[in-house]
Amino acid sequence: MGCKKDLYGKPDFWSQKAFREGYPARSVYKLEEIDKKFSMLKKSRVVLDLGAAPGSWTTWLLRNINENGKVVSCDLNPLSKDVKSDNLVFFQGDLLEEEIRNKIKAEGPFDLVVCDAAPPTTGNRTIDTLRSKGLVEMAIWYAQDMLKAGGNFCVKIFQNGDQQKLLMKMREIFEQAKGFKPEACRQESFETYLIGLNKKGM
């Protein structure tokens, strides 16, 4: 997978860093920054990565998870060929399909659910934002259904995608819910992240 270029046609700082450190994409540093701020992975043994391809978040999770832990990843597309581990379970398929949901649920419950999925963009911000909102609602469903009490959650959303309504929904599920934009996001990007901390016991 090629590096993203800056305005001068050169790979940007984060893309160069990802290539040097063996990650498929620069997005890994967003997760790293989120974890540094919110300590989401600290007590996690079983982690679910939704929309995982090409596998940067999965790779980082595998490198930082409890040594007896497990990362369960799912995407319509395959992971990069060098993303592999005895601690990895990967399902290729549609997260909305019942068969995939059941396979994932059988690997849980989870201590942490993360989702960096983005819809195919059209260039029409209204359409792209609505599609992103749909992915966020799906990820929240997974978190509500498959996270352990006390578990954590983060999901990418395109800004203006009803973040406040989604955060209100998350506050019914988690002790804390907030938005956060990592420095590793491009300045021109309108993506941000919703963070859910300490799932309530239902």
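Does Trp141 count as buried, partly exposed or exposed, and at what relative accessibility? Trp141 counts as partly exposed, at 37% relative accessibility, where buried means under 20% relative accessible area, exposed over 50% and partly exposed in between (1.4 Å probe, protein chains only). The structure is a predicted model, in which local features need pLDDT of at least 70, side-chain atom pairs count only at pLDDT 80 or more, and totals for chains, interfaces and linings use all residues. Residues are numbered from 1 along each chain as its sequence is written, and side-chain values use heavy atoms, with hydrogens and water left out.

The protein contains six helices and seven strands, taken as DSSP runs numbered from the N terminus (helices H or I, at least four residues; strands E, at least two). Of its 202 residues, 49% count as buried.

Four aromatic pairs are counted, a pair being rings of Phe, Tyr and Trp (its six-membered ring) with centres within 6.5 Å; planes under 30 degrees apart are stacked, over 60 edge-to-face and the rest tilted. Phe38 and Phe180 form an edge-to-face pair, at 5.4 Å centre to centre and 90° between the planes. This pair joins helix 2, which holds Phe38, to strand 6 (residues 174–180), which holds Phe180, across 142 residues. Both Phe38 and Phe180 are buried. Trp141 and Tyr142 also pair edge-to-face, with 5.1 Å between centres and 90° between planes; Tyr142 is buried, with a relative accessible area of 0%.

Asp35 lies in helix 2 (residues 28–38). Beyond its neighbours within four places in sequence, Asp35 is in contact (heavy atoms within 4.5 Å) with Met40, Leu41 and Trp60.
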